[in-house]
Amino acid sequence: MLPSDNNIGYISSKKFQFILKRVLDFILSLFLLLFLSPLFVAIVIAVKLTSKGSALFKQERIGQAGNSFIIYKFRSMYIDKCTLEYNHANSALKKSSEDKRVTPVGTFLRKSSLDELPQLFNILKGEMSFVGPRPLVPDMLSQLPQFSQIRSSVKPGLTGLWQIKDRRNNTKAEYMMNYDIEYIQRFSIFLDLKIILRTIPVVIKGEGAM
């Protein structure tokens with residue numbers, strides 16, 4: 001059941017924590033971008049040497065307050081096939097663990113979640129946070145206006161409750177609904193820290209990555 005506006009109005013009462021969250025996001029993303037810059041260069045070279053096109057993939061996603069923004073990822077598909085297939089009949093993305101559109105390097109990047117690293121730029125810019133609901137394409141939320149409004153009360157995240165609990169079910173917004181609402185209702189800096197720590201083993205195991 002979706003909460004009413006009154007139930008999520010408490011967000012304004014946690015204004016200081018959200019300010020602190022933004023400060024921490026900025027500092028940590030800037031540090032990681034500098035620290036990981038050699039890895040960024042290595043991945044760019046690997047992507048460019050093994051397939052034609054830009055090393056970065058850019059796509060529109062829905063962010064805080066329903067505003068759209070361009071998300072950054074390392075490109076994992078061949079440039080002429082670098083699109084998400086969407087089934088409007090059941091509001092789901094078409095995904096496969098044996099997707100022939102994915103390059104060999106892209107398979108490794110996805111399995112290791114290294115393709116997500118450029119989202120550190122989105123975090124630095126304030127479009128995303130380290131923790132929050134998954135940034136979704138507009139089509140996935142078009143049939144769920146109330147849920148879209150609720151989840152847009154916070155910034156989308158690089159990781160979140162859904163990613164550490166049910167990452168395999170990643171083709172429909174409905175699969176993420178309960179986790180996103182739980183996160184918004186329970187938000188705290190301490191919860192963010194717990195989610196980040198629990199994300200590490202999930203990424204190492206490659207659970208649900210495709």
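How far apart in helix α9 are Arg186 and Glu182? The two residues are separated by about one helical turn, because they stand four residues apart in that helix. This is a predicted model, in which local features need pLDDT of at least 70 and side-chain atom pairs count only at pLDDT 80 or more, while totals for chains, interfaces and linings use all residues. Residues are numbered from 1 along each chain as its sequence is written, and side-chain values use heavy atoms, with hydrogens and water left out. Helices (H or I, at least four residues) and strands (E, at least two) are DSSP runs numbered from the N terminus.

Six salt bridges are present in the structure, each defined as a side-chain nitrogen of Lys or Arg within 4 Å of a carboxyl oxygen of Asp or Glu. Arg186 and Glu182 form one of them, with their closest N and O atoms 2.7 Å apart. Glu182 also forms a salt bridge with Lys165, where the closest N and O atoms are 3.8 Å apart. Since Glu182 lies in helix α9 and Lys165 in helix α8, this pair ties together parts that are 17 residues apart in sequence. Relative accessible area is 23% for Glu182, 40% for Lys165 and 41% for Arg186, so each counts as partly exposed (buried means under 20%, exposed over 50%, partly exposed in between; 1.4 Å probe, protein chains only).

Lys21 and Asp192 form a salt bridge whose closest N and O atoms are 2.4 Å apart. This pair links distant parts of the chain, with Lys21 in helix α2 and Asp192 in helix α10 (residues 189-205), 171 residues apart. Lys21 is buried at 8% relative accessible area, and Asp192 is buried at 7%.

Helix α2 (residues 15-35) also holds Ile19, which is partly exposed at 47% relative accessible area.

The loop between α8 (161-165) and α9 (174-186) contains Asp166, a buried residue with a relative accessible area of 19%. Leaving aside neighbours within four places in sequence, Asp166 is in contact (heavy atoms within 4.5 Å) with Tyr175 and Tyr179.

Turning to the strands, β1 (residues 56-62) and β2 run antiparallel and are joined by seven bridges; strands pair if DSSP finds at least two bridges between them. Lys58 has Tyr72 as its bridge partner in β2. Five residues lie between the strands of this hairpin, where Ala65 takes a positive phi near 65°. Strand β2 (residues 68-74) is largely enclosed by the rest of the structure, because five of its seven residues are buried.
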